[in-house]
Amino acid sequence: RELRAIIVDGATTGAFGVGSPALASFAILEMCVSIARWFRDGGERSAEQVADTYSRFALQIAFGAGAPAIGGYGGDPRERREGDAALPRTGVPATHARTTVTSEAVVDTALTLFAQYGYHGTALSQIAEALGVRTPSLYNHMRSKHELLRTIVDRTTAGVLDDFHAAVDDLTDPVERLRRASLVYALRHATHRREAIVVNRD
C-alpha cells in the first residue's frame with residue numbers, strides 16, 4: 001500500500017510514466033522478495049550492492065516504457081544460478097542443548113526451522129529437539145506453534161514498516177522516496193532472509 005502510494009504520487013506529478021501503479025508496486029515487491037531466495041553472504045555482491053541495484057530496477061519499473069538507462073546489474077554470478085543459496089545457520093544445532101531456554105530462543109529456533117522446512121513441515125518436537133528440551137517444555141515459553149508464526153509475522157511486518165518510514169518520511173520527491181523505499185525493502189530481504197522467507201511463504 002505504501003509503495004503504491006508513492007508510485008501513484010509520482011505518476012500524478014508526471015515523475016513516473018508507468019500505466020498501472022498497482023501492477024508496478026506488485027512487480028517491485030515481488031522482485032525484492034526474490035532476494036531472500038537467492039542471496040547469501042560472501043557472494044560476489046554485498047547486501048548493500050544488491051539493494052542498490054534493485055532500487056534502480058524499481059525506478060526503471062516506475063518510469064515505464066520511457067525509462068532512462070540506469071546503471072546496472074549484470075545477472076547473478078554463476079555460483080548463485082547453479083548453487084543452493086542455503087539459509088544461514090543461525091538456529092541452535094540439534095546436538096547442542098541450551099542450558100537455559102528462553103522465549104526468544106524458542107522464537108529464533110522456530111524461525112530457522114520454519115524457513116528451512118516451512119511452517120507446516122516443522123513439528124514442535126523438531127523445535128524442542130533443536131533446543132535440547134522435551135516438547136512439553138516449550139509450553140513454558142509459548143502457547144502454540146501458530147503463536148510462534150504470528151510473533152514472527154508481527155515482528156517482521158513492524159520492522160519493514162519502521163524501515164520504510166525512517167527512509168521516506170522526511171522526503172517529498174516521489175523519485176527519491178521510491179528509490180529509498182525499495183532500497184530498504186531490498187536490503188531487508190537480503191539481511192533478514194529467514195523472516196522474509198517465512199512471512200512471504202507461510
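Tutor: This is a predicted model, and its secondary structure comes to 10 helices and zero strands. Along the sequence the pattern reads α-α-α-α-α-α-α-α-α-α, while buried residues account for 43% of the 202 residues in the chain.

Student: What makes Phe-114 and Tyr-119 an aromatic pair, and which geometry does the pair have?

Tutor: The ring centres are 5.3 Å apart and the rule asks for centres within 6.5 Å, so the two rings pair. The planes of Phe-114 and Tyr-119 stand at 75 degrees, and because an angle over 60 counts as edge-to-face, the pair is given that name. By this rule the count comes to five aromatic pairs, and one aromatic cluster is formed by Trp-38, Phe-39, Tyr-54 and Phe-57.

Student: How do you know whether Phe-114 is buried or exposed, and what of Tyr-119?

Tutor: Buried means under 20% relative accessible area. Phe-114 has a value of 0% and is therefore called buried, and Tyr-119, with 13%, is also under the cut-off and so counts as buried.

Student: Why is Lys-145 said to lie over the face of Tyr-119?

Tutor: Lys-145 is at 4.5 Å from the ring centre of Tyr-119, and the rule asks for a distance within 6 Å together with a direction within 35 degrees of the ring normal.

Student: Where is Lys-145 found, and what makes it count as buried?

Tutor: Lys-145 is found in helix α8, which covers residues 145–168. The relative accessibility of Lys-145 is 17%, under the 20% cut-off, and therefore Lys-145 counts as buried. Leaving aside neighbours within four places in sequence, the contacts of Lys-145 are with Phe-114, Tyr-119, His-120, Thr-122 and Leu-124.

Student: How is the packing of α6 against α10 described?

Tutor: Two packed helices are described by the angle and the distance between their axes. The axes of α6 (residues 103–117) and α10 (residues 193–201) come within 9 Å and cross at roughly 65 degrees, in a left-handed crossing. Among the residues that make the contact are Leu-111 and Phe-114 of α6, with Ile-197 and Val-198 of α10. By class, this contact has six nonpolar, one polar and four charged residues.

Conventions. Residues are numbered from 1 along each chain as its sequence is written. This is a predicted model: local features need pLDDT of at least 70, side-chain atom pairs count only at pLDDT 80 or more; totals for chains, interfaces and linings use all residues. Side-chain values use heavy atoms; hydrogens and water are left out. Axes are lines fitted to C-alpha atoms, for helices over the stretch in contact, and angles run from 0 to 180 degrees between N-to-C directions. Helices (H or I, at least four residues) and strands (E, at least two) are DSSP runs, numbered from the N terminus. A crossing is left-handed if the near helix is turned anticlockwise from the far one by less than a right angle, and right-handed if clockwise. Contact means heavy atoms within 4.5 Å. Ala, Val, Leu, Ile, Met, Phe, Trp, Tyr, Cys and Pro count as nonpolar, Asp, Glu, Lys and Arg as charged, and the others, Gly among them, as polar. Rings of Phe, Tyr and Trp (its six-membered ring) pair if their centres lie within 6.5 Å; planes under 30 degrees apart count as stacked, over 60 as edge-to-face and the rest as tilted. Buried means under 20% relative accessible area, exposed over 50%, partly exposed in between (1.4 Å probe, protein chains only).
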